[in-house]
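Please open the model in a viewer and keep the selection tool at hand.

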Amino acid sequence: MHIDILTIFPQLFEAFRTVGVLGKAVERGLVGLEVHDLRDWADNKWRQLDDEPYGGGAGMVLQAPPVLAAVRQLEQGGSAPPRSLVLGPRGRVFDQAMARELAAEDRIVLLCGRYEGFDERIFDHSRLEEISIGDYVLGGGEVAAMVVVEAVGRLVEGVVGDPDSVIDDSFSFGLLDHPCFTRPAEVEGKAVPEVLLSGNHERIRRWRLQQAVELTVTRRPDLIKKSWARYSDEIRELVRSVAPDLADNAAEESRCT
Ligand code: ADE
């Protein structure tokens, strides 16, 4: 997997690409992560890329020609063209399913916006897809690109040491993750749930699943409805025992879709 990032603030990625699980993956060559300064494609000695909006109004707009030149240059090479994505609040909302989809690609280009955004014509003349990390507005696409790289990078084979921890994660099964505990066994009078000390793997597995279901029912009932079709019989039974109405609703909705 190779990821190219285009940004006017490459320095933001300096620490990001070297630390933690992702840093190791980059070091080991499992994930190629190259950060490019969009200003390298500016066609003037001031390396300026933005101009005033036609029609007036506040803020500046990133010009199309240098952005298109940059994207096209990065899209060249390789046996197949990469998935080219531009980060922005009006895009398709990024989720775990999309992370899985992107993790299956060989190459991704991520274009980060700033200011008021890009000249709209970049979308007419490229294969860029717009992608948002949620319904809020950031100052630019860089932090959003980091979110995408983190979520996608850890799904690349070999990046996370224990593959079970990726499979187990919240959202992989449409459930929030169960709570975790570590030493000391007691914290300010609060003990670890007894079952976790029992050594009985089946009881522990069942307890964790029950906790995950209860958490999801109370905090993210929308996720239960969205994921019902993918749930095992065991998970459906647990949801039914905790929230029968929600289970009926989710089952009904999944029959209709
Ligand atoms: N840039 C600004 N806001 C954004 C968002 N919500 N998602 C992705 N990129 C953005």
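Predicted model: local features only at pLDDT ≥ 70, side-chain atom pairs only at ≥ 80, totals over all residues.

Next, select Ile-133 and Gly-134. A nitrogen atom of the ligand lies 3.0 Å from a backbone N or O atom of Ile-133. For Gly-134, a polar backbone atom is 3.1 Å from a nitrogen atom of the ligand.

**The shell around the ligand**

Now display the residues around the ligand. They are Leu-87, Gly-88 and Pro-89, then Ile-131, Ser-132, Ile-133, Gly-134, Tyr-136, Val-137, Leu-138, Gly-140 and Ala-144. Colour this shell by class: 8 residues are nonpolar, 4 are polar and none is charged.

Which strands each supply at least two residues of this shell? They are strand S5, residues 83-93, and strand S7, residues 129-132. The largest share, 3 residues, comes from S5.

**The largest pocket**

The space taken by the ligand is the largest pocket. About 450 Å³ of space lies in this pocket. It is lined by 25 residues, and those closest to its centre are Leu-87, Gly-88, Pro-89, Gly-113 and Gly-117.

Select S5 and S7 again: each supplies at least two residues of the lining of the largest pocket. S5 gives the largest share of that lining, 5 residues. By class, the lining consists of 12 nonpolar, 8 polar and 5 charged residues, whereas the shell around the ligand has no charged residues.

Move to Ser-126, which is found in the loop between helix H4, residues 121-124, and S7. Show its side chain and follow two polar contacts. In one, the side chain of Ser-126 reaches the backbone oxygen of Ile-122 at 2.7 Å. In the other, a polar atom of the Ser-126 side chain lies 3.2 Å from the backbone nitrogen of Leu-128.

Select Tyr-115, in the loop between strand S6, residues 107-112, and H4.

For the last stop, go to Pro-184, in the loop between helix H6, residues 163-168, and strand S8, residues 186-187. Display the peptide bond that joins Arg-183 and Pro-184: this bond is cis, with omega about 5°.

Terms used
Residues numbered from 1 in each chain as written. Heavy atoms only, no water. Near = heavy atom within 4 Å. Polar contact = N/O pair within 3.5 Å; in protein donor to acceptor, adjacent residues only side chain to side chain. 1 Å grid on protein atoms, 1.4 Å probe; cavity = no way out; pocket = protein on both sides within 12 Å on 5 of 7 lines; lining within 4 Å. Sits in = over half its atoms within 2 Å of the grid points. Helix = DSSP H or I, 4+ residues; strand = E, 2+ residues; numbered from the N terminus. Nonpolar A, V, L, I, M, F, W, Y, C, P; charged D, E, K, R; others polar. Points joined across faces, edges and corners; volume = space filled by probe spheres on them.
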